[in-house]
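Hi everyone, thanks for coming.

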Amino acid sequence: MVTRCAWWVCIVIGITLFMGCANSAKEKEQETKIPKIVAKVAALPKQIKSPTNNANTPEKEFLGKLLFYDPVLSGGKDIACATCHHPSTGYAEFLDLSIGSNGRGLGSRRVFNEPNAIPLMKRNSPTILNTAFNGIQDKDDYVPEKAPMFWDDRVKSLEKQALEPIKTMEEMRGLHHTKGDILGIVAERLKDIPEYRELFANAFGANSPIDSIRIGMAIAAFERTLVANNSRFDQYMAGDIDAMSQSEKEGFKLFKSVGCINCHNGPMFSDYQMHVLGVPHNSKVQEPDSGFEESFAFRTATLRNLRFTAPYMHNGVFQNLKQVLEFYEDISFGKTRNPSVTKEMFDPFVRELELSVKDMSLIISFLNTLNDDSFDKEIPERVPSGLPVGGNIQ
(Lines give C-alpha, C1' and ligand atoms only; values in the text may rest on other atoms or scores of the structure.)
Protein backbone atom coordinates (compact mmCIF):
# COMPACT_ATOMS: atom_id res chain seq x y z
CA MET A 1 0.00 0.00 0.00
CA VAL A 2 2.82 2.37 0.89
CA THR A 3 4.52 1.59 -2.37
CA ARG A 4 1.31 2.27 -4.37
CA CYS A 5 0.81 5.61 -2.53
CA ALA A 6 4.39 6.59 -3.21
CA TRP A 7 3.85 5.75 -6.89
CA TRP A 8 0.81 8.06 -7.12
CA VAL A 9 2.68 10.81 -5.33
CA CYS A 10 5.44 10.56 -7.91
CA ILE A 11 2.93 10.81 -10.74
CA VAL A 12 1.27 13.91 -9.21
CA ILE A 13 4.62 15.56 -8.61
CA GLY A 14 5.69 14.74 -12.18
CA ILE A 15 2.52 16.26 -13.66
CA THR A 16 2.90 19.34 -11.49
CA LEU A 17 6.51 19.78 -12.54
CA PHE A 18 5.59 19.25 -16.20
CA MET A 19 2.82 21.85 -16.02
CA GLY A 20 5.14 24.22 -14.21
CA CYS A 21 7.77 23.81 -16.89
CA ALA A 22 5.15 24.27 -19.64
CA ASN A 23 3.90 27.47 -18.00
CA SER A 24 7.44 28.72 -17.57
CA ALA A 25 8.15 27.96 -21.20
CA LYS A 26 4.99 29.80 -22.26
CA GLU A 27 5.86 32.79 -20.07
CA LYS A 28 9.38 32.79 -21.47
CA GLU A 29 7.99 32.66 -25.01
CA GLN A 30 5.74 35.63 -24.25
CA GLU A 31 8.68 37.52 -22.79
CA THR A 32 10.74 36.93 -25.93
CA LYS A 33 8.00 38.02 -28.37
CA ILE A 34 9.07 40.78 -30.74
CA PRO A 35 7.99 44.09 -29.21
CA LYS A 36 5.61 46.39 -31.07
CA ILE A 37 7.44 48.58 -33.55
CA VAL A 38 7.61 52.16 -32.33
CA ALA A 39 6.59 54.54 -35.08
CA LYS A 40 9.01 57.36 -35.83
CA VAL A 41 9.11 60.54 -37.88
CA ALA A 42 12.04 62.08 -39.71
CA ALA A 43 13.15 64.95 -41.91
CA LEU A 44 12.65 64.66 -45.65
CA PRO A 45 15.71 63.82 -47.76
CA LYS A 46 17.42 66.67 -49.56
CA GLN A 47 17.57 64.70 -52.80
CA ILE A 48 14.87 62.85 -54.72
CA LYS A 49 14.99 59.46 -56.40
CA SER A 50 13.88 58.85 -59.97
CA PRO A 51 12.78 55.54 -61.50
CA THR A 52 15.54 53.62 -63.26
CA ASN A 53 13.79 54.11 -66.62
CA ASN A 54 12.96 57.79 -66.16
CA ALA A 55 15.89 59.74 -64.79
CA ASN A 56 15.17 63.42 -64.25
CA THR A 57 16.83 65.75 -66.75
CA PRO A 58 16.38 69.50 -67.29
CA GLU A 59 14.87 68.80 -70.72
CA LYS A 60 12.25 66.40 -69.32
CA GLU A 61 11.42 68.70 -66.45
CA PHE A 62 10.94 71.67 -68.79
CA LEU A 63 8.71 69.67 -71.14
CA GLY A 64 6.75 68.25 -68.18
CA LYS A 65 6.14 71.71 -66.78
CA LEU A 66 4.70 72.98 -70.04
CA LEU A 67 2.47 69.89 -70.34
CA PHE A 68 1.35 70.37 -66.73
CA TYR A 69 0.07 73.88 -67.54
CA ASP A 70 -1.23 73.17 -71.06
CA PRO A 71 -5.00 72.49 -71.43
CA VAL A 72 -4.29 70.77 -74.74
CA LEU A 73 -4.18 67.55 -72.68
CA SER A 74 -7.89 67.76 -71.82
CA GLY A 75 -10.82 66.60 -73.93
CA GLY A 76 -12.28 70.09 -74.31
CA LYS A 77 -8.91 71.88 -74.24
CA ASP A 78 -10.18 73.84 -71.22
CA ILE A 79 -8.49 72.26 -68.20
CA ALA A 80 -4.85 71.52 -67.35
CA CYS A 81 -3.20 69.59 -64.52
CA ALA A 82 -2.49 73.00 -62.98
CA THR A 83 -6.20 73.90 -62.90
CA CYS A 84 -6.72 71.78 -59.78
CA HIS A 85 -3.05 71.75 -58.69
CA HIS A 86 -2.01 75.38 -58.89
CA PRO A 87 1.04 76.87 -57.15
CA SER A 88 -1.05 79.71 -55.71
CA THR A 89 -2.99 77.08 -53.73
CA GLY A 90 -0.02 74.89 -52.80
CA TYR A 91 -0.52 72.61 -55.82
CA ALA A 92 -3.88 71.61 -54.31
CA GLU A 93 -7.03 73.76 -54.26
CA PHE A 94 -9.32 75.38 -51.71
CA LEU A 95 -12.38 73.30 -52.62
CA ASP A 96 -13.89 70.34 -50.81
CA LEU A 97 -14.64 68.51 -54.07
CA SER A 98 -12.91 69.39 -57.32
CA ILE A 99 -14.58 70.79 -60.43
CA GLY A 100 -12.82 69.57 -63.53
CA SER A 101 -14.26 69.51 -67.03
CA ASN A 102 -16.66 72.29 -68.06
CA GLY A 103 -15.57 74.49 -65.18
CA ARG A 104 -14.12 77.97 -64.88
CA GLY A 105 -12.25 79.88 -62.20
CA LEU A 106 -9.49 78.93 -59.78
CA GLY A 107 -9.65 77.35 -56.34
CA SER A 108 -12.62 78.33 -54.19
CA ARG A 109 -13.96 80.54 -57.02
CA ARG A 110 -14.25 77.67 -59.47
CA VAL A 111 -17.79 76.85 -60.73
CA PHE A 112 -19.37 74.87 -63.55
CA ASN A 113 -20.31 76.51 -66.82
CA GLU A 114 -23.95 76.33 -67.85
CA PRO A 115 -25.39 74.15 -69.21
CA ASN A 116 -23.54 71.37 -67.44
CA ALA A 117 -23.78 67.57 -67.47
CA ILE A 118 -20.49 66.85 -65.66
CA PRO A 119 -20.73 65.74 -62.02
CA LEU A 120 -18.50 66.96 -59.22
CA MET A 121 -15.52 64.80 -58.48
CA LYS A 122 -16.25 62.77 -55.38
CA ARG A 123 -12.90 63.43 -53.72
CA ASN A 124 -10.74 66.30 -52.58
CA SER A 125 -7.77 67.21 -54.73
CA PRO A 126 -4.59 66.36 -52.77
CA THR A 127 -1.42 68.40 -53.12
CA ILE A 128 1.27 67.31 -55.57
CA LEU A 129 3.99 68.80 -53.36
CA ASN A 130 6.41 66.13 -52.15
CA THR A 131 4.67 63.31 -54.05
CA ALA A 132 8.20 62.55 -55.24
CA PHE A 133 8.61 60.96 -51.80
CA ASN A 134 5.36 58.94 -51.74
CA GLY A 135 5.83 55.61 -50.00
CA ILE A 136 8.85 56.72 -47.98
CA GLN A 137 9.16 55.30 -44.47
CA ASP A 138 12.76 56.15 -43.74
CA LYS A 139 15.39 58.35 -45.35
CA ASP A 140 15.95 56.44 -48.59
CA ASP A 141 13.77 53.35 -48.44
CA TYR A 142 11.21 54.28 -51.09
CA VAL A 143 10.87 52.97 -54.64
CA PRO A 144 9.56 55.57 -57.14
CA GLU A 145 8.22 52.85 -59.46
CA LYS A 146 5.98 51.56 -56.64
CA ALA A 147 4.96 54.89 -55.09
CA PRO A 148 1.28 54.76 -53.96
CA MET A 149 -1.00 57.34 -55.56
CA PHE A 150 -4.52 58.65 -55.01
CA TRP A 151 -6.74 58.26 -51.93
CA ASP A 152 -7.40 54.62 -52.74
CA ASP A 153 -3.91 53.63 -53.90
CA ARG A 154 -5.26 52.59 -57.30
CA VAL A 155 -2.05 53.18 -59.26
CA LYS A 156 1.65 53.14 -58.49
CA SER A 157 4.20 55.78 -59.59
CA LEU A 158 3.89 59.39 -60.70
CA GLU A 159 4.26 58.25 -64.31
CA LYS A 160 0.98 56.32 -64.15
CA GLN A 161 -0.76 58.84 -61.92
CA ALA A 162 -0.17 61.64 -64.42
CA LEU A 163 -2.31 59.90 -67.05
CA GLU A 164 -5.32 59.00 -64.90
CA PRO A 165 -6.90 62.51 -64.78
CA ILE A 166 -6.62 62.80 -68.57
CA LYS A 167 -8.67 59.58 -68.91
CA THR A 168 -11.28 60.51 -66.30
CA MET A 169 -14.49 62.15 -67.51
CA GLU A 170 -15.03 64.35 -64.42
CA GLU A 171 -11.43 65.52 -64.34
CA MET A 172 -10.01 66.31 -67.79
CA ARG A 173 -11.60 64.09 -70.45
CA GLY A 174 -15.14 65.46 -70.29
CA LEU A 175 -17.79 64.20 -72.70
CA HIS A 176 -15.81 64.88 -75.86
CA HIS A 177 -14.02 61.54 -76.26
CA THR A 178 -14.05 58.00 -74.90
CA LYS A 179 -11.70 56.79 -72.19
CA GLY A 180 -10.05 54.43 -74.66
CA ASP A 181 -9.42 57.14 -77.26
CA ILE A 182 -8.35 60.21 -75.28
CA LEU A 183 -4.66 59.42 -74.74
CA GLY A 184 -4.15 58.72 -78.44
CA ILE A 185 -6.00 61.90 -79.37
CA VAL A 186 -3.85 63.99 -77.00
CA ALA A 187 -0.66 62.46 -78.42
CA GLU A 188 -1.80 63.33 -81.97
CA ARG A 189 -2.48 66.92 -80.91
CA LEU A 190 1.04 67.23 -79.53
CA LYS A 191 2.54 65.78 -82.71
CA ASP A 192 0.81 68.51 -84.69
CA ILE A 193 2.60 71.25 -82.70
CA PRO A 194 6.16 71.84 -84.00
CA GLU A 195 7.39 73.19 -80.66
CA TYR A 196 6.28 70.05 -78.85
CA ARG A 197 7.94 67.84 -81.46
CA GLU A 198 11.21 69.63 -80.74
CA LEU A 199 10.72 69.49 -76.95
CA PHE A 200 10.01 65.74 -76.99
CA ALA A 201 13.07 65.15 -79.18
CA ASN A 202 15.22 67.12 -76.73
CA ALA A 203 13.84 65.19 -73.76
CA PHE A 204 13.72 61.64 -75.14
CA GLY A 205 15.78 61.56 -78.32
CA ALA A 206 15.09 62.39 -81.96
CA ASN A 207 13.59 59.00 -82.84
CA SER A 208 11.41 58.60 -79.75
CA PRO A 209 7.65 58.65 -80.39
CA ILE A 210 5.28 61.14 -78.83
CA ASP A 211 2.90 58.88 -76.91
CA SER A 212 1.11 58.55 -73.59
CA ILE A 213 4.08 56.79 -71.98
CA ARG A 214 6.41 59.73 -72.59
CA ILE A 215 3.70 62.25 -71.71
CA GLY A 216 3.44 60.57 -68.30
CA MET A 217 7.22 60.40 -67.92
CA ALA A 218 7.67 64.11 -68.67
CA ILE A 219 4.92 65.25 -66.29
CA ALA A 220 6.27 62.94 -63.57
CA ALA A 221 9.78 64.38 -64.02
CA PHE A 222 8.40 67.88 -63.47
CA GLU A 223 6.30 66.82 -60.48
CA ARG A 224 9.43 65.36 -58.84
CA THR A 225 10.85 68.88 -58.75
CA LEU A 226 7.92 70.09 -56.62
CA VAL A 227 9.44 69.50 -53.21
CA ALA A 228 9.05 71.37 -49.94
CA ASN A 229 11.65 69.73 -47.72
CA ASN A 230 12.98 72.59 -45.64
CA SER A 231 10.22 73.18 -43.10
CA ARG A 232 11.06 74.31 -39.58
CA PHE A 233 10.52 70.70 -38.50
CA ASP A 234 13.13 69.53 -41.04
CA GLN A 235 15.52 72.17 -39.72
CA TYR A 236 14.85 71.06 -36.15
CA MET A 237 15.50 67.42 -37.03
CA ALA A 238 18.74 68.51 -38.72
CA GLY A 239 19.97 69.93 -35.41
CA ASP A 240 18.60 73.48 -35.20
CA ILE A 241 16.92 73.25 -31.79
CA ASP A 242 15.65 76.84 -32.08
CA ALA A 243 13.73 76.14 -35.29
CA MET A 244 10.72 75.15 -33.17
CA SER A 245 9.28 77.05 -30.21
CA GLN A 246 8.73 75.46 -26.81
CA SER A 247 4.98 75.14 -27.37
CA GLU A 248 5.60 73.50 -30.75
CA LYS A 249 7.98 71.02 -29.13
CA GLU A 250 5.33 70.24 -26.51
CA GLY A 251 2.85 69.73 -29.34
CA PHE A 252 5.31 67.33 -30.97
CA LYS A 253 5.48 65.27 -27.76
CA LEU A 254 1.67 65.19 -27.55
CA PHE A 255 1.43 64.23 -31.22
CA LYS A 256 3.45 61.13 -30.38
CA SER A 257 1.97 60.31 -26.98
CA VAL A 258 -1.74 60.56 -27.90
CA GLY A 259 -1.36 58.20 -30.86
CA CYS A 260 -1.35 60.45 -33.95
CA ILE A 261 2.04 59.02 -34.84
CA ASN A 262 0.61 55.50 -35.19
CA CYS A 263 -0.53 56.34 -38.73
CA HIS A 264 1.13 59.69 -39.43
CA ASN A 265 4.77 58.65 -39.34
CA GLY A 266 7.91 58.60 -41.44
CA PRO A 267 9.33 61.65 -43.25
CA MET A 268 6.00 62.35 -44.99
CA PHE A 269 3.94 61.79 -41.82
CA SER A 270 2.03 59.00 -43.54
CA ASP A 271 2.28 55.24 -43.24
CA TYR A 272 0.73 54.99 -46.73
CA GLN A 273 -1.71 52.37 -45.43
CA MET A 274 -5.49 52.13 -45.74
CA HIS A 275 -7.52 52.90 -42.60
CA VAL A 276 -11.24 52.92 -41.84
CA LEU A 277 -12.17 56.04 -39.86
CA GLY A 278 -15.79 56.66 -40.79
CA VAL A 279 -15.29 60.18 -42.14
CA PRO A 280 -18.73 61.79 -42.63
CA HIS A 281 -20.25 61.75 -46.10
CA ASN A 282 -20.05 64.90 -48.16
CA SER A 283 -23.69 65.72 -48.90
CA LYS A 284 -22.74 66.98 -52.38
CA VAL A 285 -22.03 63.38 -53.43
CA GLN A 286 -25.17 61.31 -53.98
CA GLU A 287 -23.66 57.86 -53.45
CA PRO A 288 -21.45 57.17 -50.41
CA ASP A 289 -17.78 56.90 -51.31
CA SER A 290 -16.77 53.41 -50.18
CA GLY A 291 -13.05 53.93 -50.82
CA PHE A 292 -10.46 51.20 -51.16
CA GLU A 293 -12.04 47.92 -52.33
CA GLU A 294 -15.41 49.17 -51.01
CA SER A 295 -14.14 48.86 -47.44
CA PHE A 296 -14.56 52.58 -46.58
CA ALA A 297 -10.80 52.69 -46.05
CA PHE A 298 -8.67 55.54 -47.38
CA ARG A 299 -4.92 56.11 -47.47
CA THR A 300 -3.33 58.12 -44.70
CA ALA A 301 -2.81 61.66 -45.95
CA THR A 302 0.48 63.47 -45.45
CA LEU A 303 0.50 66.20 -42.79
CA ARG A 304 3.02 68.31 -44.62
CA ASN A 305 1.98 71.75 -45.87
CA LEU A 306 -1.48 71.57 -44.32
CA ARG A 307 -1.65 75.37 -44.54
CA PHE A 308 -2.19 74.98 -48.29
CA THR A 309 -4.44 71.92 -48.41
CA ALA A 310 -7.67 72.80 -46.57
CA PRO A 311 -10.39 71.58 -46.54
CA TYR A 312 -9.31 68.21 -45.19
CA MET A 313 -9.95 64.46 -45.52
CA HIS A 314 -10.66 62.53 -48.72
CA ASN A 315 -13.90 64.44 -49.34
CA GLY A 316 -13.01 67.82 -47.84
CA VAL A 317 -15.68 67.73 -45.12
CA PHE A 318 -13.57 69.49 -42.47
CA GLN A 319 -12.71 73.14 -42.98
CA ASN A 320 -9.92 73.42 -40.40
CA LEU A 321 -7.58 71.34 -38.26
CA LYS A 322 -9.62 71.84 -35.11
CA GLN A 323 -12.56 70.10 -36.77
CA VAL A 324 -10.27 67.25 -37.83
CA LEU A 325 -8.97 66.73 -34.29
CA GLU A 326 -12.48 66.92 -32.82
CA PHE A 327 -13.50 64.17 -35.25
CA TYR A 328 -10.59 62.01 -34.09
CA GLU A 329 -11.58 62.59 -30.47
CA ASP A 330 -15.11 61.41 -31.26
CA ILE A 331 -14.08 58.21 -33.01
CA SER A 332 -11.61 57.39 -30.23
CA PHE A 333 -14.68 57.11 -27.98
CA GLY A 334 -16.48 54.92 -30.52
CA LYS A 335 -18.75 57.65 -31.86
CA THR A 336 -19.42 57.22 -35.57
CA ARG A 337 -20.35 60.10 -37.85
CA ASN A 338 -20.87 57.94 -40.92
CA PRO A 339 -24.04 55.78 -41.14
CA SER A 340 -22.22 53.36 -43.47
CA VAL A 341 -19.42 52.70 -40.95
CA THR A 342 -19.99 51.11 -37.55
CA LYS A 343 -17.53 51.49 -34.70
CA GLU A 344 -16.68 47.80 -35.10
CA MET A 345 -15.31 48.66 -38.56
CA PHE A 346 -12.94 51.31 -37.21
CA ASP A 347 -9.23 50.74 -37.64
CA PRO A 348 -7.63 49.20 -34.50
CA PHE A 349 -5.38 52.26 -34.17
CA VAL A 350 -8.49 54.34 -33.44
CA ARG A 351 -8.84 52.59 -30.08
CA GLU A 352 -5.31 53.70 -29.16
CA LEU A 353 -6.03 57.41 -29.59
CA GLU A 354 -6.08 59.42 -26.36
CA LEU A 355 -6.91 62.82 -27.77
CA SER A 356 -8.59 65.54 -25.73
CA VAL A 357 -9.60 69.15 -26.33
CA LYS A 358 -6.83 70.51 -24.13
CA ASP A 359 -4.20 68.92 -26.39
CA MET A 360 -5.49 70.26 -29.67
CA SER A 361 -4.00 73.76 -29.78
CA LEU A 362 -0.51 72.48 -29.02
CA ILE A 363 -0.76 69.73 -31.63
CA ILE A 364 -1.94 72.26 -34.22
CA SER A 365 1.02 74.48 -33.29
CA PHE A 366 3.32 71.56 -34.02
CA LEU A 367 1.61 70.77 -37.34
CA ASN A 368 2.35 74.32 -38.47
CA THR A 369 6.07 73.54 -38.29
CA LEU A 370 5.56 71.15 -41.23
CA ASN A 371 4.71 74.00 -43.60
CA ASP A 372 7.27 75.09 -46.18
CA ASP A 373 6.45 77.57 -48.92
CA SER A 374 9.85 77.49 -50.64
CA PHE A 375 8.52 75.41 -53.55
CA ASP A 376 8.51 76.34 -57.25
CA LYS A 377 5.77 78.93 -57.89
CA GLU A 378 6.93 80.08 -61.31
CA ILE A 379 4.17 79.84 -63.93
CA PRO A 380 5.04 79.69 -67.65
CA GLU A 381 4.10 82.82 -69.57
CA ARG A 382 2.82 80.70 -72.44
CA VAL A 383 2.37 77.07 -73.50
CA PRO A 384 3.14 75.66 -76.98
CA SER A 385 -0.52 75.04 -77.86
CA GLY A 386 -1.27 78.76 -77.55
CA LEU A 387 -4.17 77.98 -75.20
CA PRO A 388 -4.66 79.82 -71.88
CA VAL A 389 -1.97 78.81 -69.38
CA GLY A 390 -3.54 76.60 -66.70
CA GLY A 391 -6.83 76.25 -68.56
CA ASN A 392 -10.03 78.21 -68.04
CA ILE A 393 -9.10 79.66 -64.64
CA GLN A 394 -9.81 83.38 -65.13
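Let me begin with a term: a salt bridge is a side-chain nitrogen of Lys or Arg within 4 Å of a carboxyl oxygen of Asp or Glu. With that in hand, look at Arg214 and Asp211, whose side chains meet in a salt bridge, 2.9 Å from N to O. Salt bridges that share partners also join Lys122, Arg123, Asp152, Arg154 and Asp289 into one network.

Before going on, some housekeeping. This is a predicted model, in which local features need pLDDT of at least 70 and side-chain atom pairs count only at pLDDT 80 or more, while totals for chains, interfaces and linings use all residues. Residues are numbered from 1 along each chain as its sequence is written, and side-chain values use heavy atoms, with hydrogens and water left out.

Back to the charged pairs. How many salt bridges does a search of the whole structure find? The search finds 18. One of them joins Glu159 and Arg224, with the closest N and O atoms 2.8 Å apart. Glu159 lies in helix H4 (residues 158-161) and Arg224 in the loop between helix H9 (212-223) and helix H10 (232-237), so this pair ties together parts that are 65 residues apart in sequence. When I say helix, I mean a DSSP run of H or I with at least four residues; a strand is a run of E with at least two, and both are numbered from the N terminus.

Are these two partners buried or exposed? Glu159 is buried at 13% relative accessible area, and Arg224 is buried at 2%. Here buried means under 20% relative accessible area, exposed means over 50%, and partly exposed is in between, using a 1.4 Å probe and protein chains only.

Now compare that with Glu188 and Lys191, a salt bridge whose closest N and O atoms are 3.0 Å apart. These two are three residues apart in helix H7 (residues 182-191), so about one helical turn separates them. Glu188 counts as partly exposed, at 41% relative accessibility, and Lys191 does too, at 33%.

Let's move on to the nonpolar interior. A nonpolar core is a set of buried Ala, Val, Leu, Ile, Met, Phe, Trp, Tyr and Cys residues joined through side-chain atoms within 4.5 Å. The largest one has 40 residues, and Leu67, Leu190 and Tyr196 touch the most other members. Helix H2 (58-69), helix H3 (81-84), H7, helix H8 (194-204) and H9 each supply at least two residues of this core. There is also a second, separate core of 38 residues, which includes Val258, Met274, Phe318 and Val324.

Next, the aromatic rings. Rings of Phe, Tyr and Trp (its six-membered ring) pair if their centres lie within 6.5 Å; planes under 30 degrees apart count as stacked, over 60 as edge-to-face and the rest as tilted. The structure holds 17 aromatic pairs. In one of them, the rings of Phe68 and Tyr91 have centres 6.2 Å apart and planes at 55°, so the pair is tilted. Phe68 sits in helix H2 and Tyr91 in the loop between H3 and strand S1 (103-104), so the pair ties together parts 23 residues apart in sequence. Both Phe68 and Tyr91 are buried.

Where does the side chain of Lys65 reach? It reaches the backbone oxygen of Glu378 at 3.0 Å. That is a polar contact: a pair of N or O atoms within 3.5 Å where, within protein, one must be able to donate a hydrogen and the other to accept it, and residues adjacent in sequence count only if both atoms are side-chain atoms.

Last stop, the record. UniProt, in an unreviewed entry, places the feature "binding site" at Cys260, Cys263 and His264. UniProt positions are in the numbering used here, feature names are shortened, and annotations may be inferred rather than shown by experiment. Cys260 lies in the loop between helix H11 (246-257) and strand S5 (274-276), and His264 is in the loop between H11 and S5. Cys260 is buried at 13%, and His264 is buried at 12%.
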